[in-house]
Amino acid sequence: MVATVEDGQVTKLRPDKDHPLSKGYACPKGIAMTDLQNDPDRVLHPLRKTASGEFERVTWKEALDEINSRLKRVRDTSGPESIAWYMGNPGAFSYSHTLWVKGFLDAIGSPHYYTAGSQDVNNRFAASALLYGSPLVVPIPDLRRTKHLMIFGANPLVSHGSVLTAHRIRDQLMDLTKRGGRVVVVDPRRSETARAFEHVAIKPDGDAWLLLSMLNVIFEEGLEDATAIEAQSRGVEMLKEAASDYPPESTVSRTGIPAEEVRQMARDLALADCAAVYGRTGSCLGRRGTLVSFLLDALNVVTGNLDRPGGAVFGKPPLALDDVAERFGLATYASNRSRIGGFPDVLGNLPATLLAEEIETPGDRQIRALFVSAGNPVLSVPDGDSLERAMGGLDLMVGLDFYMNETNKHADFILPATTFLERDDFPIAFLGFHTTPFVNYTEKVVEPAGEAREEWQVIEEFASALGVTPSSVPPIRWLGKLGIKFTPQRIVDLLIRVGPAGDFFGLKPKGLSLKKIAAKPHGIVLAEYVATGELKTKVRHSDSKVRLDPPEIVGELRRIKGAVVETSSERPLQLIGLRELRSHNSWMHNSKLLTRGGRSQPLHMNPKDAEGHGVTEGAMVRLASKDGSVEVPVTLTEDMSPGTVALAHGWGHSGGWKTANGLGGVNVNLLAPSGAEDLEPLAGMAFLNGIAVSVQLVATSGSAAARVDEAVTAAPPRD
Ligand SMILES: Nc1nc2c(c(=O)[nH]1)N[C@H]1C(S)=C(S)[C@@H](COP(=O)(O)OP(=O)(O)OC[C@H]3O[C@@H](n4cnc5c(=O)[nH]c(N)nc54)[C@H](O)[C@@H]3O)O[C@H]1N2
Ligand SMILES: Nc1nc2c(c(=O)[nH]1)N[C@H]1C(S)=C(S)[C@@H](COP(=O)(O)OP(=O)(O)OC[C@H]3O[C@@H](n4cnc5c(=O)[nH]c(N)nc54)[C@H](O)[C@@H]3O)O[C@H]1N2
Ligand SMILES: [Mo]
């Protein structure tokens, strides 16, 4: 984007016409950042909770002195393993924030690292660890060359892609069909993307059965690519054997998809010149997301589409996340277990759903101090009520944010953080996800507003009080003891220069350095297409082959046999999530631009289901699961498959954001189960899609609140 700065203030953001890939396209949320940047509700000074429960402004020195002395006391009395950090989603989009949070916990020796990952993508990483031997080896669909794309539970026309960085993604998908290719969207809801392409309606959390049936057809009909399987993988026999139990006729009750349609889908995929299978949150937030993620990639392997042009590809970014993380010792899976439930860590992450229990359960490693940065788990994680209660019992809680949100309002201190316009960034975690190899570096656009500080600088203060250097890399910690400090820029520059495209400090004069990248503010296109033929360098298993029979997956295949049906006569419907173009999880509802014309959070319901429940458009209903209930207005739409209802997350505000507070809405995650027994076993992920619910009429006509967000339900987003 291009920012207009007047008198040190960002007054306008617009898309960058000179950007080689976006060519002047930006999504509405990006443009709306001006509203957040200049929001009078922003937290611009350190705040301390007073005895009466109100916040008062304090100086940075007062805040840090008190936090640090309380932090030291917690460490000395309860041990470093009682200090926890939850870093939310925006944290992942700041290289310095990410590195310093994990570095801090590693340096003090605490396992209590939590992120939005356990509500988002961790089972995708777990599947990669099993398949490729590294959680960070994640293929992306080669959108620009593929002829056949199958999307399982993603809505890129709204989300703009996830674990996939595709500028102008709508155009890339449209181009695919213009080339004569197909986009098939498997989704319980006829989403914006499904509407624009081909839709296959599936029952929530039915994906594993559909994928097994597709594999069944492929093996039964001899449509597999035996050469590719032989060259790239081992263990296919297990997969074949497992799939033999799932002819499409046997899975109709789980998927809702007629057997003949499944057969045709399998044939079309296997016979396409090149094809890619891609899944995102809709495939991750059910009860068996690791298995589903595994099967998505298995389909790519079996059809001969892995690591080839137009297939599912790994590429060769100038800085490969898997290499970097491995070098830092961060590419872990199951190297550690959660205290509650014994869940394996994924990249050091433990299940955020268990935070409340981890705080309230006495014993070794009980959490006594909690930091929350760029996150809002009270709204984003199951059972925010329990988390609110648990946070009240902590010895110390600190928020780093530019808003007072529903979570950090329970903190002892809120420390003002910078926006991405007030700090530099290098999207290190995303370089491998570009559909066109690309790199860029952004300088800060303006000085931090008020007294805002970058997270990594604040973390340096906590670390120094505890006598450690916040880094996951032991040599950097040793150098820290000698007073030698590394800035985020310095670390990234080093990594680029010794990386696959680096200048090796002048030895390769044409190579890259941070300075060279920074000199091109519109970014640098590195190659026409994503590199293929990289599998051997990507796979960490000793034989360099993709593993199709890991014991963990064998276990999941056994478990799925006994899977009970979620619904019952008491709770006959299944609830899934919904992302809207003008929302960004829980944190952009204070923007004037995004809330223009009012907003509401209706329950999307098929008219047939509504009729059975005596519900009409605009009625207020009580939506209840075994774990909680909320009252919401209903909107009727044929886009929902009968039996499935959808409600957006990130609503029900009561923070310092006054516009957001005034919009009403409810926290849908009060309906999600929060016990360890309900988490997905291989990645500890929350169960958020497919929850059994009942709907009960409260009032035939709700209120003005039942107005549907037109911008969301109308035509697909346009440039
Ligand atoms: N406008 C906007 N953009 C966003 C965000 C936002 O909040 N707003 N959030 C960002 C974030 S943090 C992320 S992680 C990405 C997510 O990116 P996506 O995953 O592409 O986004 P979703 O809209 O959540 O898409 C999930 C789809 O899965 C479907 N689904 C639900 N349950 C199932 C199921 O059991 N099986 C199948 N096959 N499908 C199912 C839903 O109906 C939905 O259409 O989006 C990012 N982009
Ligand atoms: N039911 C249901 N629940 C879901 C999902 C779903 O699909 N359905 N999706 C899940 C997913 S994919 C995600 S990613 C999570 C998101 O959940 P979280 O990551 O827990 O929360 P966010 O809503 O992203 O809140 C981000 C907070 O960060 C602040 N912030 C923004 N930028 C910065 C920054 O640069 N620095 C700092 N310090 N603070 C900043 C914002 O003000 C806000 O308070 O929600 C999850 N929850
Ligand atoms: Mo996410």
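Which residue has a backbone N or O atom that lies 3.4 Å from an oxygen atom of ligand 2? Select Ala374 to see this one. You are looking at a predicted model, where local features need pLDDT of at least 70, side-chain atom pairs count only at pLDDT 80 or more, and totals for chains, interfaces and linings use all residues. Residues are numbered from 1 along each chain, chains are lettered from A and ligands numbered from 1 as written, and side-chain values use heavy atoms, without hydrogens or water.

**Stop 1: ligand 2**

Stay here and select Ser586, where a polar side-chain atom lies 2.6 Å from an oxygen atom of ligand 2. Then try Asn669: an N or O atom of its side chain is 2.7 Å from a nitrogen atom of the ligand. These pairs are polar contacts (N or O atoms within 3.5 Å). Alone, ligand 2 exposes 920 Å², and the protein buries 97% of that (Shrake-Rupley method, 1.4 Å probe).

Now show the 31 residues around ligand 2; each has a heavy atom within 4 Å of the ligand. Colour helix 18 (377-380) and strand 17 (396-401), which each supply at least two residues of this shell (DSSP runs: helices, H or I, of at least four residues; strands, E, of at least two).

**Stop 2: ligand 1**

Next, select Asp205: one of its polar backbone atoms is 2.7 Å from an oxygen atom of ligand 1.

Finally, colour domain 3 (142-309 + 534-559) and domain 4 (565-714): both give residues to the shell around ligand 1, so ligand 1 lies between them. The domain bounds come from an automatic or database assignment.

Terms used:
Polar contact = N/O pair within 3.5 Å; in protein donor to acceptor, adjacent residues only side chain to side chain.
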